[in-house]
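Biologist: I would like to learn how to read the features of a protein model. Please start with the terms.

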Amino acid sequence: MLSQTLGLAVLALPLLAEASKDCSKATFQKVIPSNSTFNYVTKVAEGGTFTDAEANANATGLPEGCAVSVKVPTPGNSSYNMAIYMPNKWNSRIITTGNGGYGGFTNWQDLGQYSHYGFSAITTDTGHFNPNVLDSTFALNKGSLENWGWRAMHGSVLVGKALSAAYYGQTHKFSYYSGCSTGGRQGLKEMQVSPDAFDGVFVGAPAWWIPHLSIWTSQATLANLPQNSDHHISAALANVINDEILKQCDPQDGVTDNVIMNPAGCVFNPLTLLCEGAANASACITRPQLDTLYKALHDWTYFDGTLIFPVPSLGTPLVAYIGDSPIPNPMGTGAIEHMLLNTTEPYDWSTFNESVVRLSEAIDPGHGTPDNYDLSTFQKRGGKVIHWHGEADPIIPFRSSSYFYSQVASSVAPHDIEMDSFYKFFPIAGMSHCSGSQYSPWYIAGATQPLTNVSHGVPGFDDAQHNGLLALMRWVENGTAPEQLVATKYNNDDPTKGVYRQRPLCPFPKQPIYTHGNVDSASSWKCS
């Protein structure tokens, strides 16, 4: 086992004994925007708990420090709130974190996590308050939609850095970002809006392709409706299909361990499930259902074959998009009604066609899509990216990330920039959305990766080999690029119950290949 403190020992800058200013409004009044107001400026004692009215959860066991929140008005009768937590013992670094779905909330759960590293940590409510990540009604106000798309994050980073400098009496040495899902999109977008905002970006499963992703979440369910049709696949039958996919695909990667290590390389034959004669209909599929399954396993494209959005990888739970719901996913419905048509009138899905996608592309809701793929400016100033995504993600299909990676690669190539020089993309086999897997190692201390009774880091393995954030810091600050990460799966996701399995994550397009020995040991695998 590597030393638990190796990563921190290599990276840590001397902690400041105490902040140089008091936690009071007077300390910060001159650095906030002239038209903004304080929501609070609050001292927090060692071991304290803090939250605010817009928080997704409490931050507990905090180091002693100062919590500040500012409300900033924006055009269109809108505003955003930002919050920052500044531990008195500071590591001279700032980190910003993001949100999820359409939700508007201050992410105090992650602020608490990053404060334990010694970071001064920033969050934004995205310009509206609603912890329901499926609700897009905020988009009826175009100012709020623009805030959600990019403006709230951009402004919060600027305000947060100014607040931090005022509190500590000096500017930060390094700036980082960590977020997953919408949080991943926010980091990629801000990196493009302001290439000098972050020195390192740690993003997971980014919901980046807004014009297509939002609509796909509902479009993907249409082929399985209505429920009383002969082509409908129930949730129970979808689970039967998933079991057959695992049965066929798991051994094809060379190891039978309940994890499909190479979904793209699996040759799956659905005809083995076809009902014959008087077969048990609950354990087989009919020919009309086979057509539905075909659509569920193949990309959504225009009539000319151009990709609109990729489907989830083999092994992803099919019940996420074919199953027992009588209506399309409300995330897509809301996107069309509120973001595109600016109405509360229900959208009639029987009229759906590709023109809706074209409209979404033209509007680009909130201008939030990070599709300026040329990251050469970010790269030339020394910026680094670690991008990770679960290959069994049912909410944001994995291949939307590999598509983004390929777009960046083709955009920086004319500048003679190789992706490995600044951008590492790590697929995580078997992991669901941002976190979680019954059998596959998935934990790398990413955003939105909760573990039982863990404040931060990777218990027992908190070094730059196992902790993706520490790997990013080492790359930015010491120039050591991660050639692999080691993901950990604890028993029942509780570190006190021991390690179930560890496995290397390989930078795309390399893959983990089993070599010899215990399949649950990372040393039995290599990146190839």
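Modeller: Buried means under 20% relative accessible area, exposed means over 50%, and partly exposed lies in between, with a 1.4 Å probe and protein chains only. This is a predicted model, in which local features need pLDDT of at least 70 and side-chain atom pairs count only at pLDDT 80 or more, while totals for chains, interfaces and linings use all residues. Residues are numbered from 1 along each chain as its sequence is written, and side-chain values use heavy atoms, with hydrogens and water left out.

Biologist: Is R501 buried or exposed?

Modeller: R501 is buried, at a relative accessible area of 5%. D520 has 25% relative accessibility, so it counts as partly exposed.

Biologist: What does R501 form with D520?

Modeller: A salt bridge, which is a side-chain nitrogen of Lys or Arg within 4 Å of a carboxyl oxygen of Asp or Glu. For R501 and D520 the closest N and O atoms are 2.5 Å apart. This pair links distant parts of the chain, 19 residues apart: R501 is in strand 15, and D520 is in the loop between strand 16 (512-514) and strand 17 (525-527). Helices (H or I, at least four residues) and strands (E, at least two) are DSSP runs, numbered from the N terminus.

Biologist: How many salt bridges does the count come to?

Modeller: The count is 9 salt bridges. One of them joins R503 to D257, with 2.7 Å between the closest N and O atoms. R503 in strand 15 and D257 in the loop between helix 7 (235-249) and helix 8 are 246 residues apart, so to speak distant parts of the chain that the pair links. Both R503 and D257 are buried. K489 and D493 also meet in a salt bridge, at 2.9 Å from N to O; K489 is buried, with a relative accessible area of 6%.

Biologist: How do I read a strand, and which way do the residues of strand 13 point?

Modeller: In strand 13, Y423, F425 and P427 point one way, and K424, F426 and I428 the other way. The strand is mostly covered, as 6 of its 6 residues are buried. Two strands pair if DSSP finds at least two bridges between them. Strand 12 (residues 384-390) pairs with strand 13 in the parallel sense over 6 bridges, and P427 in strand 13 is the bridge partner of H389.

Biologist: Why is helix 9 described as largely enclosed?

Modeller: Helix 9 (residues 330-340) is largely enclosed by the rest of the structure because 10 of its 11 residues are buried. Among the buried residues are M331, G334 and H338. Their cover includes helix 4, helix 6 (210-222) and helix 10 (355-363).

Biologist: Which residues is F129 in contact with?

Modeller: Contact means heavy atoms within 4.5 Å. Apart from neighbours within four places in sequence, F129 is in contact with A53, E54 and G104. F129 is found in the loop between strand 7 (120-124) and helix 4 (142-168), and is partly exposed, with a relative accessible area of 43%.
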